[in-house]
Amino acid sequence: MGIFNRSKNTATAAPAAAVQGPDLAHLTGDYTIDSTHSKIGFAVRHAMVTNVRGEFTEYEGKLHLDGANPAASTAELVIKVASIHTNQAQRDEHLRTGDFFDAATYPEITFKSTSAQQIHGDTYRLHGDLTIKGTSRPVVLDLEFTGAATDLYGANRVGFEGGTSVDRTDWGLTYNAALETGGVLIGEKVKLTLDISAVRAS
């Protein structure tokens, strides 16, 4: 996932190769995503005029962060499809059916990173494979480091937020309906958002 460098730009910038950030090697280690303090959300266009927003409430994830070499960091995520929640029970049930995710046949969505890179300062890019309904496709997540701290219970935490946009039809989520006024009921572009707190393994 990458440890995130919080270095500041100076008025007289040194050549990129000479810029040295703070030593973040102390953050190197294995972390577990704390789902009670995290959110995996999505938004999709509805009826051509607004967005329906939702989230998955059950998931597990693990990170290996390398403070000395962010490119060596990794991430894995497993989402329970049945936990989808859009604040409308009938719509949630429809999303679990074969028209959409087919949760009975494909109960999990998974993501596994393949590479990580630092873009600039606290901004990172994570490449990986997203698997939905048995189909795996590459995606790119843009992430921003949001901090590291020890909480009231002595747990060491790191946080980050970001996301990506995907075309749902690439994973076989093709259900739609035509509108009388033109256009379609559901947009194909889906915005995925991550707001993650992860706890270092003891």
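User: Which residues do ring pairs link into a cluster?

Analyst: Ring pairs link Phe 42, Phe 56 and Phe 101 into a cluster. This is a predicted model, in which local features need pLDDT of at least 70, side-chain atom pairs count only at pLDDT 80 or more, and totals for chains, interfaces and linings use all residues. Residues are numbered from 1 along each chain as its sequence is written, and side-chain values use heavy atoms, with hydrogens and water left out.

User: What makes Phe 42 and Phe 56 an aromatic pair, and why is the pair called tilted?

Analyst: Rings of Phe, Tyr and Trp (its six-membered ring) pair if their centres lie within 6.5 Å; planes under 30 degrees apart are stacked, over 60 edge-to-face, and the rest tilted. Phe 42 and Phe 56 are 5.7 Å apart centre to centre, with 50 degrees between the planes, so they pair and the pair is tilted. By this rule the count comes to 3 aromatic pairs.

User: Where in the chain are Phe 42 and Phe 56?

Analyst: Phe 42 is in strand β2 (residues 39–46) and Phe 56 in strand β3 (residues 50–56), 14 residues apart. Strands (E, at least two residues) and helices (H or I, at least four) are DSSP runs, numbered from the N terminus.

User: Are Phe 42 and Phe 56 buried or exposed?

Analyst: Both are buried, that is, under 20% relative accessible area, where exposed is over 50% and partly exposed lies in between (1.4 Å probe, protein chains only).

User: Why is Asn 87 called exposed?

Analyst: Asn 87 has a relative accessible area of 68%, which is over 50%, so it counts as exposed. Asn 87 is found in the loop between β6 (84–85) and α1 (89–96). Its phi is near 70 degrees, a positive value in a residue other than glycine. Most residues other than glycine have a negative phi.

User: How do you know that β4 and β5 pair?

Analyst: Two strands pair if DSSP finds at least two bridges between them. Strand β4 (residues 59–65) and β5 are joined by 6 bridges, so they pair, and they run antiparallel. Leu 63 stands opposite Ala 75 in β5.
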